[in-house]
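Have the model open while I go through them.

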Amino acid sequence: MKHHILIVEDDAAAVDFVTQGLADAGFAIEACADGSTGLARAAEGDFDLWIFDRMLPGMDGLSMLGALREQGLRTPAIMLSALGTVDDKVGGLAAGADDYLAKPFSFAELRARIAALLRRADRAEADAKATRIVVGDLEIDLLSRTVARAGRAVPLVAREFHLLEYLARHAGEVVTRTMMLEHVWNCRFDPGSNVVDVHIGRLRRKLEEGEAPILHTVRGAGYRLAAEG
């Protein structure tokens with residue numbers, strides 16, 4: 001899949017130079033020439049990286065980037081500028097840029113910086129997926145040990161969280177009582193109690209407060225966590 005990059009630069013020659021080089025390198029490129037248009041496209045578009053010139057008509061690059069960061073957008077951004085002093089670079093980074101490249105620059109350096117930022121973003125996305133489980137509108141954060149259903153916080157005690165995590169790791173599969181006893185209660189035999197069913201009942205009530213069923217009973221087999229029955 002191609003990475004999608006937005007370039008906001010009012011120097012047509014610079015845009016042609018960068019756009020051609022990045023397109024040849026396999027990137028999908030969109031460009032605009034003023035800060036106001038750039039702000040709208042960055043806020044609306046699905047981009048993997050932004051490249052902004054610092055001095056732009058309509059809205060300067062620092063203001064544009066600051067506005068996007070205030071909206072909670074964390075897309076990696078490279079600031080380009082003819083202003084290359086230490087203070088200039090610090091100002092750009094403080095505004096929310098992830099990198100700052102002074103003009104004139106070599107395309108090879110720009111390409112290397114883009115690659116580094118995209119690698120960092122890909123690692124961050126992978127780490128986030130490794131610490132979060134999503135089943136339909138149910139989100140489980142394994143680091144903070146919190147649960148939300150359709151944006152609603154679902155308070156769980158430790159055993160309930162452990163049980164839900166186990167079910168979520170097997171989402172769509174039938175999980176038997178024996179499996180839950182072994183992996184959640186660390187019990188290698190059936191104690192002959194209804195402890196699993198009691199906890200499942202409590203968990204279901206917390207998960208389904210007005211939302212569609214997500215924790216399903218499979219008669220004679222066990223339970224299945226799935227967004228659709």
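So, which side chains meet in a salt bridge at 2.9 Å, N to O? Those of glutamate 9 and lysine 103. By salt bridge I mean a side-chain nitrogen of Lys or Arg within 4 Å of a carboxyl oxygen of Asp or Glu. Glutamate 9 sits in the loop between strand 1 (4-8) and helix 1 (12-24), and lysine 103 in the loop between strand 5 (99-102) and helix 5 (107-130), so the pair ties together parts 94 residues apart in sequence. Helices (H or I, at least four residues) and strands (E, at least two) are DSSP runs, numbered from the N terminus.

Quick caveats: this is a predicted model, local features need pLDDT of at least 70, side-chain atom pairs count only at pLDDT 80 or more, and totals for chains, interfaces and linings use all residues. Residues are numbered from 1 along each chain as its sequence is written, and side-chain values use heavy atoms, leaving out hydrogens and water.

Back to that pair. Glutamate 9 is buried, at 5% relative accessible area, while lysine 103 is partly exposed at 27%. Buried is under 20% relative accessible area, exposed over 50%, partly exposed in between (1.4 Å probe, protein chains only).

Next, arginine 113 bridges to aspartate 99, with the closest N and O atoms 2.6 Å apart. That links helix 5 to strand 5, 14 residues apart in sequence. Aspartate 99 is buried at 16%; arginine 113 is partly exposed at 25%.

Last one: aspartate 197 and arginine 177, 3.0 Å from N to O. Helix 8 (residues 195-207) holds the aspartate and helix 7 (residues 177-184) the arginine.
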